[in-house]
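Please look over the two chains below before reading on. The points that follow take up helix packing, backbone geometry and the contact between the chains.

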Amino acid sequence: MSTVLYIPGDSAALALGADEVAHALKVEALARKLDLTIIRNGSRGLFWLEPMLEVVTPAGRIAYGPVTPGDVPGLLADNFLHGDKNHPLYLGKPEEIPYLKNQERLTFARCGIIDPTDIEDYIAHDGYRGLKNATGMQGADIVDAVTESGLRGRGGASFPTGIKWKTVLGCESDQKYIVCNADEGDSGTFADRMIMEGDPFLLVDGMTIAGLAVGATKGFIYIRSEYPDAYRLMEQAIVSANRKGYLGPNVMGSGKAFDLELRLGAGAYICGEETSLLESLEGKRGMVRAKPPLPAIKGLFGKPTVINNVLSFVAVPTILDKGAAFYKDFGLGRSRGTMPLQLAGNIRHGGLVEKAFGITLRQVIEEFGGGTASGKPLRAVQVGGPLGAYFPDALLDTPLDYEAMAAAKGMLGHGGIVVFDDSVDLSLQARFAMEFCAIESCGKCTPCRIGSTRGVEVIDRIRNDENRQKNIELLADLCDTMLDGSLCALGGLTPFPVQSAIRHFPEDFNRPSAAKRAAAE
Amino acid sequence: MSGLAAANSPARSWDNDAALSIVQEKKSLDGALMPILHALNDKFGYVDASVVPVIAEELNLSRAEVHGVLTFYHDFRKEPAGRHVIKICRAEACQSMAGRDLEEHVKRHLRIGMGETTPDKHFTVEAVYCLGLCACSPAMSIDGKLHGRVTPQRFDALMAEKRS
């Protein structure tokens, strides 16, 4: 009988050599005349253990990792195919690894478990139950369930999803659209990528529910070009879903139509901003639109459009399957449900941590992350991508919910957490924030287009100790202008990392200039 | 699969007829300009300026509009890249793991700056802002293949493979 092995095809696992491990296994199996079936799953999100190989045994799946191609002959020589406990790479049952066991995986329940190319595997793991329920409901009732669940936009802006959907539902139009923002450009984030590579049918499921809810018959997924594997897997998923009647003219026999099309970004960070993304989908430069009109009323091609992040859409099937109350029971205050957090940067145990809102930054970094990768003391943590604030150790007890993060003058954003050790120079990080804004600005509004370039120059003067005090004041003024005067979040939030760096790490802006340091030596 | 091989496929010489047939094949898509530019970039390794009036004519746009889109997006090349394309992540998660040092090492190793191609046209080095590999930083891609936790030594070894 064939032994079934899982080796992730997730991009991060590939970057750590998963394909080479799979290849070595095939070669060795042939040489030893072993009958192996290799399935390329998504990642469970424990990246320090990738490539993590799982073998199906009578006692369940047993994991080994991190596996290198050189480990393969040894593994096959040992009793590995029967779940050998004595092998140094033995990890036991993956779901018993504390990192996974201590999570509350609703959205990522299937990621890393199923075969992402097999729609039957998705269905066998409770897939399409949400859509099934939705086909028997009125659009307004679906929208009410989403509203009642308390789901807020997971892309960063945290706008209540149900309210957005209700606006689109209430619009009269011959054509409405569902658009998925899969332009996950924030450094430190990879949850969209993981779910598209590990559980692509979940996104198809969630977007189809949105289509039924608001009466839209067409959807687009805008995927960044940096994610070719996600694109390929989503493409396969859409083909399978069409073939099986989960997409197309008659979704699950409901008589309602919904079609999905994939589009590729072209390396512009700004296209993660929703109006810029819509422009790009229309075949234009990714220039931000002034709001109003809201995309919900005048969106893609001028039609009412639901535009949500991947993580918002993929939360919806759970809500429709298990009920709004079930989802709402997770979390606290006005942040309900779970948040897939992404632990990244200088961290020992980087990966995906899905938890109910309310866990603190320190708990995630210490209990899950295990401290810095370098072993040096932690100095700063950037939460929420390149537009998120840098937090010092003193603020690590901030709970990860939308309001608490805002109160600490930061934002949760898309849930990326990037850890820095004590080698970081926050004046350089502040400079990079401005530099990045200058590179990626769409150029439509002045504070962002010009302010970012001036910001780099002012920070350079501060670093060079030229009129330092005056330039620090000038920088504060520039930040205020960008905050208040920018058209969208790129220019409007770039001051967050800059101001937080100055506020929490003033010493980094007060060092002798490079020239003075050189002279002193 | 439009656009995905763009950075990796070796440049083929530009062919006006083939370009026109790509434009005509895709022009009926909603918002066709991006898929068209991706397909051209994919096929030839770059988008030749001579195609701008052709696209404008077919899509009933002005040349300025087409030029504007072509030049707005980082992915669309104006000229062919080197035989091997190295994309280094410059974003924060990679910075936290000595990504800046790696970037300097790469530039020193190849004796070129970001966005440049070696005189022998073997290597092009470009910045990328996040490959989604932030839990295994620093990251880069070489000819589309992803690499995580790259040290200068590892990079040298990868380059030796490409040269051999």
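**Notes on the model**

1. Helices H17(A) and H19(A) are roughly antiparallel to each other, a word used here for angles over 145 degrees, with under 35 counting as roughly parallel, 65 to 115 as roughly perpendicular and the rest as oblique. The axes of H17 (residues 426-440) and H19 (residues 451-463) of chain A come within 7 Å and cross at roughly 160°, where axes are lines fitted to C-alpha atoms, for helices over the stretch in contact, and angles run from 0 to 180 degrees between N-to-C directions. The crossing of H17(A) and H19(A) is left-handed, that is, the near helix is turned anticlockwise from the far one by less than a right angle, clockwise being right-handed. Among the residues that make the contact are Ala430(A), Met434(A) and Ala438(A) of H17(A), with Val456(A), Ile459(A) and Arg463(A) of H19(A).

2. This is a predicted model, in which local features need pLDDT of at least 70 and side-chain atom pairs count only at pLDDT 80 or more, while totals for chains, interfaces and linings use all residues. Residues are numbered from 1 along each chain as its sequence is written, and chains are lettered from A and ligands numbered from 1 in the order in which they are written. Helices (H or I, at least four residues) and strands (E, at least two) are DSSP runs, numbered from the N terminus.

3. H19(A) also packs on helix H20 (residues 468-485) of chain A, the two axes coming within 9 Å and crossing at roughly 160°. The crossing of H19(A) and H20(A) is again left-handed, and the contact includes Val458(A) and Ile462(A) of H19(A) as well as Leu475(A) and Leu478(A) of H20(A). By class, the residues of this contact divide into eight nonpolar, four polar and three charged; Ala, Val, Leu, Ile, Met, Phe, Trp, Tyr, Cys and Pro count as nonpolar, Asp, Glu, Lys and Arg as charged, and the others, Gly among them, as polar.

4. Helix H10 (residues 200-214) of chain A has 15 residues that should span 21 Å at 1.5 Å a residue, and its end C-alpha atoms are 22 Å apart, which agrees; the expected span is 1.5 Å times one less than the number of residues. Because 15 of the 15 residues of H10(A) are buried, this helix is largely enclosed by the rest of the structure. A residue is buried if 20 or more other C-beta atoms lie within 10 Å of its own, exposed if 12 or fewer, and partly exposed in between, with C-beta atoms placed from the backbone. Just after H10(A), Gly215(A) takes a positive phi of about 80°.

5. Most residues other than glycine have a negative phi, and most peptide bonds are trans. The peptide bond from Glu50(A) to Pro51(A) is cis, with omega near -5°, as is the bond from Ser137(B) to Pro138(B), with omega near -10°.

6. Between the chains, 49 residues of chain A are in contact with 35 residues of chain B, contact requiring C-beta atoms, placed from the backbone, to lie within 7 Å. By class, the side of chain A that touches chain B has 23 nonpolar, 16 polar and ten charged residues.

Conventions:
Contact = placed C-beta atoms within 7 Å.
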